[in-house]
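Thank you all for coming.

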Amino acid sequence: MIIQGPHETCFHLSPPARADATFRVTMVPGDGVGPELMTAVKEVFKAGDVPVEFEEFHLSEVQNMASEEKLDQVLTSMKTNKVAMKGKIHTPMEFKGELASYEMRLRRKLDLFANVVHVNSLPGYSTRHNNLDLVIIREQTEGEYSSLEHESVTGVIECLKIITREKSRRIAKFAFDYATKKGRNKVTAVHKANIMKLADGLFLQSCAEIAQLYPKIQYENIIIDNCCMQLVQNPYQFDVLVMPNLYGNIIDNLAAGLVGGAGVVPGESYSAEYAVFETGARHPFAQAVGRNIANPTAMLLSASNMLRHLNLEYHSNMVSDAVKRVIKQGKVRTRDLGGYSTTSDFVRAVVENLRHRPAN
Amino acid sequence: MSPAVMQTVTLIPGDGIGPEISSAVMKIFEAAKAPIRWEERNVTAIKGPGGRWMIPPDAKESMDRSKIGLKGPLKTPIAAGHPSMNLLLRKTFDLYANVRPCVSIEGYKTPYTDVNLVTIRENTEGEYSGIEHVIVDGVVQSIKLITEDASRRIAEYAFEYARNNQRTSVTAVHKANIMRMSDGLFLRKCREVAENYKDIKFTEMYLDTVCLNMVQDPTQFDVLVMPNLYGDILSDLCAGLIGGLGVTPSGNIGANGVAIFESVHGTAPDIAGLDMANPTALLLSAVMMLRHMGLHDYGNKIQTACFDTIRDKKVLTKDLGGNSKCSEFTAEICRRIQDMA
């Protein structure tokens, strides 16, 4: 079912249903614990009879499994399927002369301009701030991540941050559309326009212009350092936050930390045509590889969001309810949430809760 | 305590609540009989010869002579045509390091306890170079500058600070996976300097990982060193952990031995002149100043009196949850100091 309209971005553009009613989704496990998390998703889907078929590609810069052809294969698959699940493709630290990592190139080639992270407190798991419900929307194709650096004089490096009106408007519009669709009340733009008067000033101005088209949504703005301070003192004052690239990276991680860490926060990236589902805080977590300790909650919740995007409402709720029930019961908890269970223990618990779902 | 030599400190009261909290600090120092002679100066920007904005020459002269300054909040007018006063001070004295110790205040409860870290931020370059251009209409470019010299200087200061203050580790915060050349250079310099300080543990961490971990367990951090923008954000984040800008001290270290300690909150024009302001931030910055000058005894005495007053909860200003006046809060601290003698 494809509904189009002047301000719909990709919310309603789901892949056409196939004759055998299975959806094909591209899967890029990535590095670190990515493959383990993807296995968790596949196991849960299999147990729940979810009509999704995954097309896997192993693209990795650190494991020497990256090449131009691989990247093209992934892109072609994504363009056909329109929906993907992805782990983090780790960027090796050594400067190899190629300034843009594979992760960023993928983002740019598919024009995945909007990153949405859902920061929700998990019922049954207490943190210092409970009952949080924030949405963080980050522009992720320009800004500080433009990969434009050069050494103008020996010992002096210049790094360019690019802000354009077009992309700023686009992300602002996305944020307000999202807020409208999800029934949210307020959008707060995060910036540092008092120092970066032209760059962030342009971003802020674009947000303000778009805000006027949505009179029902309250619009505010806040400076990034104050925003961080407010998030640790009183995060409840925020609803939807929209910001350029680097600040998004910071706030995503900060907010993830507020509700329990990188293991519990789902996220997705959107372009006008594609949707990629991943975790909210993107870390490969290399030290956990092979130890069966990673928390699959974030990836499972993201998979549930993906099912909703595919209009598989029933299966989406089935997966997310099962995950939330396991967390709430508190008996099976991975290390990051203070427990001793392994990844497989958690997946098993989720699968068990799938079968015993209440008749609806 | 043997009578120490009187040392001169340039005092810049600032705007808004600046004058009231400055006089509170002076009263408390008098009660503690600290050997400080205050020289008050004003730093409204004036246009010098050649049309360049600068701070008044008598302020500069005083600071160059005394080398130590204490500053209240300065307002940054939006369309005054001149850069912010803080920026001007920074450029005039080459204040390259901003140091913010963040220690949980017993008695002022926040969800985060046992915070004890120091953020050291490179304050002259990085993303705040102020170099921006409109390339074409609708496309703006902002330049982030990282130089070898500034990176080395801040790394050296961080390790020296760690050594002088008995801190065990220094963590460089960066985003060299994305900004490979610029943050890569910063990181390389930190690594080189770490070689000369083998007694201090050196680690590196991505900025996003630091944020993720900081809000979950701030006790894992000790001294953090980073370029300008990350420093700005992280230092405010850490201030939020201990209770906000109203209780956070800050110091700026410059070349040529100049050091200016300041409160980092705003001028609070809405409560200026109403005797409602909280002088804690400026007072703790003054304590930081005393320690920098080697006057640890006085510093400890004043800090203890301040923390005891807050822990007692009987006389607190409004922002700390009480309803006492600034003068009452100040008097209570003075009383405790005199009782201690």
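Let me begin with the term that I will need first: a salt bridge here is a side-chain nitrogen of Lys or Arg within 4 Å of a carboxyl oxygen of Asp or Glu. Please also bear in mind that what you see is a predicted model.

With that rule, two salt bridges are found across the interface of chain B and chain A, and one of them joins the side chains of D232(B) and K192(A), with an N to O distance of 2.7 Å. Polar contacts between chain B and chain A come to 21 residue pairs, counting those in which both residues have pLDDT 80 or more. On the side of chain B that touches chain A, the elements that give two or more residues are β8 (132-136), β9 (139-147), α5 (182-195), β11 (201-206), α6 (207-214) and α7 (228-242) of chain B. Sorted by type, the residues of that side are 28 nonpolar, 13 polar and twelve charged.

How much area do chain B and chain A bury between them? The figure is about 4600 Å², of which 65% lies on carbon and sulfur atoms. If we look at the part that chain B buries against chain A, 18% of that area is supplied by I178(B), R180(B) and M181(B), which is more than any other three residues give. As for the residues in contact, chain B contributes 53 and chain A contributes 58.

Let me now turn to chain A and its strand β11, residues 266-270, in which five of the five residues are buried. Which residues of β11(A) point one way, and which the other? P266(A), E268(A) and Y270(A) point one way, G267(A) and S269(A) point the other way, and all are buried.

β11(A) has antiparallel pairings that we can follow in turn. Strand β4 of chain A, residues 114-120, is joined to β11(A) by four bridges, and within this pairing N115(A) has S269(A) as its bridge partner. Strand β12 of chain A, residues 275-279, pairs with β11(A) over five bridges, with P266(A) partnered by T279(A), and these two strands, β11(A) and β12(A), form a hairpin with four residues between them.

Note on methods: Residues are numbered from 1 along each chain as its sequence is written. Chains are lettered from A and ligands numbered from 1 in the order in which they are written. This is a predicted model: local features need pLDDT of at least 70, side-chain atom pairs count only at pLDDT 80 or more; totals for chains, interfaces and linings use all residues. Side-chain values use heavy atoms; hydrogens and water are left out. Contact means heavy atoms within 4.5 Å. Buried area is the accessible area (1.4 Å probe) that two parts lose on being put together, summed over both. A polar contact is a pair of N or O atoms within 3.5 Å; within protein, one must be able to donate a hydrogen and the other to accept it, and residues adjacent in sequence count only if both atoms are side-chain atoms. Ala, Val, Leu, Ile, Met, Phe, Trp, Tyr, Cys and Pro count as nonpolar, Asp, Glu, Lys and Arg as charged, and the others, Gly among them, as polar. Buried means under 20% relative accessible area, exposed over 50%, partly exposed in between (1.4 Å probe, protein chains only). Two strands pair if DSSP finds at least two bridges between them.
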